[in-house]
Amino acid sequence: MNSQDLDTRINIDSLQVSKGTSGGMQKAWVLHRTVWAKRMDYSGAERKASSAGGEVAVARGEFLIRLRDDLQETMRVRHRGKVFDIQHIKPLANARGWMVLTCDTGMNDG
């Protein structure tokens with residue numbers, strides 16, 4: 001891996017839940033970190049949107065970034081106006097110091 005491959009800036013958001021003024025739970029996405037990444041796009045498909053019916057287009061992609069220990073699958077990636085739910089975080093065994101974020105777009109809570 002070469003740091004020159006990281007040609008894209010991405011935002012990683014975390015979900016914060018707090019108590020609202022009326023006592024209910026209030027959710028908000030907040031910027032956790034901005035990092036350099038290499039974006040790799042893969043397959044797309046249509047999935048069931050809900051049990052009530054309907055379908056939504058979903059695309060899978062990966063973001064290669066430098067290894068970090070502060071990320072979780074509950075976070076999301078924002079890039080060029082699109083929101084990607086992080087499905088899996090995988091440190092690369094054959095390339096120490098690097099990790100891959102496997103993400104889906106289309107079904108997100110963004």
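**Charged and aromatic pairs**

Student: What do the side chains of D70 and R68 do?
Tutor: They meet in a salt bridge, 3.0 Å from N to O. Keep in mind that this is a predicted model.

Student: Is D70 buried or exposed, or partly exposed?
Tutor: D70 is partly exposed, at a relative accessible area of 21%. R68 is partly exposed too, at 27%.

Student: How many salt bridges are there?
Tutor: The count comes to 6. Among them is one between R39 and D41, where the closest N and O atoms are 3.0 Å apart.

Student: Which residue does D104 meet in a salt bridge?
Tutor: R60, at 2.7 Å from N to O. This pair links distant parts of the chain, since D104 is in strand β6 and R60 in strand β3, 44 residues apart.

Student: And D104, buried or exposed?
Tutor: D104 has a relative accessible area of 7%, and under 20% counts as buried. R60 is partly exposed, at 32%.

Student: Which residues are linked in a network of salt bridges?
Tutor: D13, R76 and R78.

Student: New topic. How many aromatic pairs are there?
Tutor: The count is 1 aromatic pair. The ring centres of F63 and F84 are 5.3 Å apart and the planes stand at 80 degrees, so the pair is edge-to-face.

Student: Where do F63 and F84 lie?
Tutor: F63 lies in strand β3, residues 55-66, and F84 in strand β5, residues 82-91. The pair therefore ties together parts that are 21 residues apart in sequence.

Student: Are those two buried or exposed?
Tutor: F63 and F84 are both buried.

How values were computed: Residues are numbered from 1 along each chain as its sequence is written. This is a predicted model: local features need pLDDT of at least 70, side-chain atom pairs count only at pLDDT 80 or more; totals for chains, interfaces and linings use all residues. Side-chain values use heavy atoms; hydrogens and water are left out. Rings of Phe, Tyr and Trp (its six-membered ring) pair if their centres lie within 6.5 Å; planes under 30 degrees apart count as stacked, over 60 as edge-to-face and the rest as tilted. Helices (H or I, at least four residues) and strands (E, at least two) are DSSP runs, numbered from the N terminus. Buried means under 20% relative accessible area, exposed over 50%, partly exposed in between (1.4 Å probe, protein chains only). A salt bridge is a side-chain nitrogen of Lys or Arg within 4 Å of a carboxyl oxygen of Asp or Glu.
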